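Please keep the structure open as you read.

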Amino acid sequence: MFKFAKFQFVKRGFLFIGAAQVFGSLEAHAVALAPQDVVDLALKQAPAVQQAELSAQAEEGAAEKALGSYDLIWKLNPTYTYSEAQNLTGTSNPVDKTLAIDTSIAKAFSTGTTLGLEFNRISQESELSTFTSNLRRPTAASDVLSLSIRQALWRNILGAGDRAAISRADAKIEIARMNRQELLEAAILDSLSVYWNAYVAETQLRENSAARQKYEELVKAVRRKAGFNLSSPGELPRLEAEFEAADSRVKISSKDFLAALDKLRTNLQIGKDEAITFKATATETKDIPDFPKLKSVDIESLRPMVIAKLTMENAERDRTVAMQSARPKLDLVARAASTGVDAQSDGAFSKMSSGTSPTYMVGVELEVPLDSSLFRGTRAEASARYRIAEIDFKLAKDRLRDSLIDAERSAQALRDNALSSIEIVTKRSRVVREFEASYRQGRTPLVELIRAFNELFDAQLNRARSVGNYMIALNQWAAIRDELVKGEKQ
């Protein structure tokens, strides 16, 4: 019952995107990460994935406990008694040595039936008193074997409530397995989001460093011009101010990148002494994956909908059990026993086995709750929980349908934005090249060149963010469609 489903991870291009180029040389102990590497590492060692596994095991264990009522129970109770006790009539034996063995086995069934088999043995050695010496021998043994049956006739009639409880436990186990897939999916999606956020932070640091270097070169050039009294008033301090601002942005982005890198290391359990490089680049339109053309998905088959449906069915079963438990209890009770008594244990057992001294009993047991607040409360609670589950099931379908549409729209919009951001960087780069040439010829003021530089650097940073957002949106879309993590049945 505790068999977990195996998973396969969709490797479609729109799920795990990794470009072919590596933008930095690998160090001796560097870890080069592509999105698929993130998935593999997350499955292998991410704490969130391990927590998902353990949470599913805990849920399955809790569901399995519900079947404990149908365990086969064996009991053994051996006792030895030494007695020199006296009674008021004075007929007690001076010494009684008694060995009693009681053992039983019982089993409940989903038909509302409980069977029990019990064996009782008493062996006694006594120093007989004058009152009992003529009635029995110093040794005596008694064996009793009895079979009992109890059948529910009204409350839990023929096990209707028991079968509902078993179905509820089975459904909870199935829910636990699906929740495991959902938790794994969330953990992997989180790891991919952390990866892309770290990539964007690294890109931001790189672009800010390039901007600082560019301003540093301009400051040096203008200082040389100022030495020959060729610079315009305010040029040098303006550039120096831009350089200071660029240097400040490098420091802030360095801090942000290190924080994002630490979060990625923690998420994937990568050692602090291992350098990380990113296999993801997207500086040209061809690096952006095409928008996937996918078939429509059956909402009813998606895990959130299946979980909602199973939850509603369990609430209905709980209501059935509650209604059953409020009925009067009427049980058929029957018992058959065979007794054997002899001076020796072997003889007692032989007589018991022969069935010469049987006992039969049959009857009914009626129990009626009178004005029970417990039963009224149980019925009211179960009915309310069923209505809540019914409403949740209807809302789940609407919300899931809206999420699917929104995820597709978001992915399309973010892809357009990513393509636009790449095109903007291309045009901003052209503006900078033309303004640089014009500035050297004295035809463009410095303020226009600075503005062009800042617009280019902002566009480059927005390009990295747009690409990262598009990659995350693709994975979120796949997760909603249950295609980021698939079970073996899908």
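In what follows, Ala, Val, Leu, Ile, Met, Phe, Trp, Tyr, Cys and Pro count as nonpolar, Asp, Glu, Lys and Arg as charged, and the others, Gly among them, as polar. Please bear in mind that this is a predicted model.

Let us begin with the second largest pocket, whose volume is about 220 Å³. Its lining is made up of 14 residues, and those closest to the centre are Gly112, Ala152, Asn156, Asp162 and Asp331. By class, the lining of this pocket holds 4 nonpolar, 5 polar and 5 charged residues.

Which strand gives the most to the lining of the second largest pocket? Strand 6 does, with 3 residues.

Next comes a helix pair. Helix 2 (residues 47-65) packs against helix 3 (residues 160-227) at an angle of about 175°, and their axes are 9 Å apart. Because angles over 145 degrees count as roughly antiparallel, helix 2 and helix 3 are roughly antiparallel to each other. Their contact has 12 nonpolar, 2 polar and 7 charged residues. Among those in helix 2 are Ala48, Val49, Ala52 and Glu53, while the helix 3 side includes Ile173, Arg177, Arg180 and Leu184.

Finally, look at helix 7 (residues 373-440). At its start, a side-chain oxygen of Ser372 comes within 3.4 Å of the backbone nitrogen of Leu374. Just after helix 7, Gly442 has a positive phi of about 80°.

Definitions and conventions:
Residues are numbered from 1 along each chain as its sequence is written. This is a predicted model: local features need pLDDT of at least 70, side-chain atom pairs count only at pLDDT 80 or more; totals for chains, interfaces and linings use all residues. Side-chain values use heavy atoms; hydrogens and water are left out. A polar contact is a pair of N or O atoms within 3.5 Å; within protein, one must be able to donate a hydrogen and the other to accept it, and residues adjacent in sequence count only if both atoms are side-chain atoms. Helices (H or I, at least four residues) and strands (E, at least two) are DSSP runs, numbered from the N terminus. Axes are lines fitted to C-alpha atoms, for helices over the stretch in contact, and angles run from 0 to 180 degrees between N-to-C directions. Angles under 35 degrees count as roughly parallel, over 145 as roughly antiparallel, 65 to 115 as roughly perpendicular and the rest as oblique. Contact means heavy atoms within 4.5 Å. On a 1 Å grid over the protein atoms alone, a cavity is a set of points where a 1.4 Å probe fits but cannot get out, and a pocket is an open set with protein on both sides within 12 Å along at least five of seven lines; lining residues have an atom within 4 Å of a point. Grid points are joined across faces, edges and corners, and a volume is the space filled by probe spheres set on the points.
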